Amino acid sequence: MRPSLARGADEDKPSRLLRDGVRAVRLYLINPSNPLVTIVRVKQNRWTRYRVWKPLSLMMVAGLTPPEWEVSIVDENRGVPDYAAMPRPDLVGITAFTSQANRAYEVAAHFRGRGVPVVMGGIHATMCLDEVLEHVDSVVTGEAEGAWREVLEDARQGNLKRRYEGGLAEIADVRPARHDLLAAGYAFGAIQTTRGCPLNCSFCSVTAFNGAHYRQRPIPDVVREFQSVPEKRVLVVDDNLIGTRPDHIARAKDLFRALIQANVRKEWISQATINFADDEELLTLAAKAGLRAVFIGFESPEPEGLAELGKKFNLLKGRDFRASVRRIQRHNISVVGSFIIGLDVDEPGVGRRIAEAAGQYGVDNLNVLFLTPLPGTRLWDQMTADDRVALNVFPEDWKYYTLNLPVAHFRHFSLDSIIQEMVSCNRDFYSLPRIARRVWDNLWQRRQPMFSLVASLSARGNIRMGCQAFADFMRERGSRTIAWKEPPGPALAGTRVQESLEE
Ligand code: B12
Ligand code: SF4
């Protein structure tokens, strides 16, 4: 029997009164936490505060919810509340990246146990529909805009369907997020201006989920929403801020001009491909509009690595990464370089090689992740076909899919040696002399030395927590992550890493 929205005996505090005797229906939207993701450990590293981001997905779902619903967003990254002590909701909506799936199921079980229907949406629900259906009453696949109103209507009738297909939204239908719903205390607000990415890199879920068609929100909507963000600093979550084609870039310039003209006065960060550096006018406008830092996916220092990942864009002939980074930085925009470790072309020593390349390119900060097969990606298809997904007891193992832990069999590395490579890469790049050098360079070039310092200190704190996480991981799961083929390096998982972590 499907649970209906009739209020139960444990309904304590009544919801908001809408009009004569009609009460609002109570909806909780929940962002589950994963203790293996370092951003949630604010108490262990105070700089982590700068890495806890608002769950924009739920703020957008809330923005699509009509006023007869009383909506609360619970972000477990800020602390897990005592749900039993909270007023019983009429409906619960949960979001989850793959790494949050386990906790999402725990939360769902809690509410279903109290007779509250649970709907789950987001990337994991879309990519692992059958699994998710076992844990919740109803699943929304794809983007919420095309399905959410129907879900709410059906829920009110006590007639939820098992599955709703949101598909890809008409970009003009994207409503502004409810920026008012989360308590203050986040270092950054969040906003989205485009969806989709045409580049379809093998490891990335974005094209599979949001499509290859690059969709840009109407500029007046974005400007209005930007003005409603309460925080001074904002994360523009777009995967590809400017797109790839001349018309995409022309629109990006128009957006920046509109933000300047509206005098929005925010400082913001975003993500882009390296072609961002190719247009001086674009850089000037972005900086004037408030862009302070940009994440750029370099992914691999080797052309063979870029080819392996399908990152064709970075392979353009004659691209000088150092010059590109400098051009961006000259506009007072910091560059965070992202790399992936554990590719088939990576050989022992790759950790130092990445740190060296990042230093050569001159990036301000470095973000290195393990090559991880995420469901729905081409990499997932390849690795499952080759039987290289090492941690594959699902759903339990999803919690390790944070990209900060190795979950696959790597061609040239044992578990020990891939962790060693990661540790040496981060230790090299974030050594105190190198941080001091970068802060000094930034001071000298009159570019945001404080941003560089805070981001580096936060990263150093996370390296320490990461080492502890590696040691715990080796104890719990190391024996399952054996090498795919005979790798060079030590065969005895755990020993060498443990020694090196204790250094
Ligand atoms: C911002 C961001 C972050 C922020 C998180 C902010 C936050 N708290 O949400 C930070 C930097 C912390 C982060 C971290 C990680 N991220 Co991230 N992140 C993103 C990014 C760029 C944007 C997310 C976003 O806000 N999108 C805008 C919203 C509106 O879109 P949406 O989330 O898809 O929501 C829509 C639908 O999915 C649906 N929906 C979503 N939830 C729900 C719930 C209900 C009930 C309903 C009905 C509908 C619904 O409706 C929404 C509106 O249409 C995405 C890429 C992307 N395009 O989504 C990657 C992405 C989500 N991240 C990814 C990954 C892998 C991670 C990490 C695991 C690894 C890492 N180190 O980056 C960590 C793990 C964090 C964790 N807690 O477990 C992957 C996830 C793939 C997967 N299968 O899980 C993505 C897709 C990027 C990629 N390259 O593949 N991330
Ligand atoms: S990694 Fe970046 S460029 Fe590649 S598909 Fe994902 S969003 Fe697009």
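Reader: Why does cysteine 467 count as buried?

Author: Its relative accessibility is 9%. Buried means under 20% relative accessible area, exposed means over 50%, and partly exposed lies in between, with a 1.4 Å probe and protein chains only. Cysteine 467 has 9%, so it counts as buried.

Reader: What kind of model is this?

Author: This is a predicted model: local features need pLDDT of at least 70, side-chain atom pairs count only at pLDDT 80 or more, totals for chains, interfaces and linings use all residues, and side-chain values use heavy atoms, without hydrogens and water. Residues are numbered from 1 along each chain as its sequence is written, while chains are lettered from A and ligands numbered from 1 in the order in which they are written.

Reader: How far is valine 423 from cysteine 467 in space?

Author: They are 7.5 Å apart, C-alpha to C-alpha, and 44 residues apart in sequence. Valine 423 sits in helix H14. Helices here are DSSP runs of H or I with at least four residues, strands are runs of E with at least two, and both are numbered from the N terminus.

Reader: Why does valine 423 count as buried?

Author: Its relative accessibility is 5%, so valine 423 counts as buried.

Reader: Why does aspartate 387 count as exposed?

Author: Its relative accessibility is 58%, so aspartate 387 counts as exposed. Aspartate 387 has a positive phi too, about 55°, and is not a glycine. Its place is in the loop between H13 and H14.

Reader: What makes the peptide bond from phenylalanine 394 to proline 395 cis?

Author: Its omega is near 10°. Proline 395 is in the loop between helix H13 (378-385) and helix H14 (415-429).

Reader: How do you know that the length of helix H12 agrees with what it should span?

Author: The expected span is 1.5 Å times one less than the number of residues. Helix H12 has twelve residues, 350-361, so it should span 16 Å; its end C-alpha atoms are 16 Å apart, which agrees.

Reader: Which residues of H12 are buried?

Author: Val350, Gly351, Ile354, Ala355, Ala357, Ala358 and Tyr361.

Reader: Which residues come nearest to ligand 1?

Author: Thr95, Thr98, Ser99, Glu145 and Asp239, of the 39 residues around ligand 1. A residue is near a molecule if one of its heavy atoms lies within 4 Å of it. H1 gives the most to this shell, with four residues.

Reader: What makes the pair between glutamate 145 and ligand 1 a polar contact?

Author: A polar contact is a pair of N or O atoms within 3.5 Å; within protein, one must be able to donate a hydrogen and the other to accept it, and residues adjacent in sequence count only if both atoms are side-chain atoms. A polar side-chain atom of glutamate 145 lies 2.8 Å from an oxygen atom of ligand 1. For aspartate 239, such an atom lies 2.6 Å from a nitrogen atom of ligand 1.
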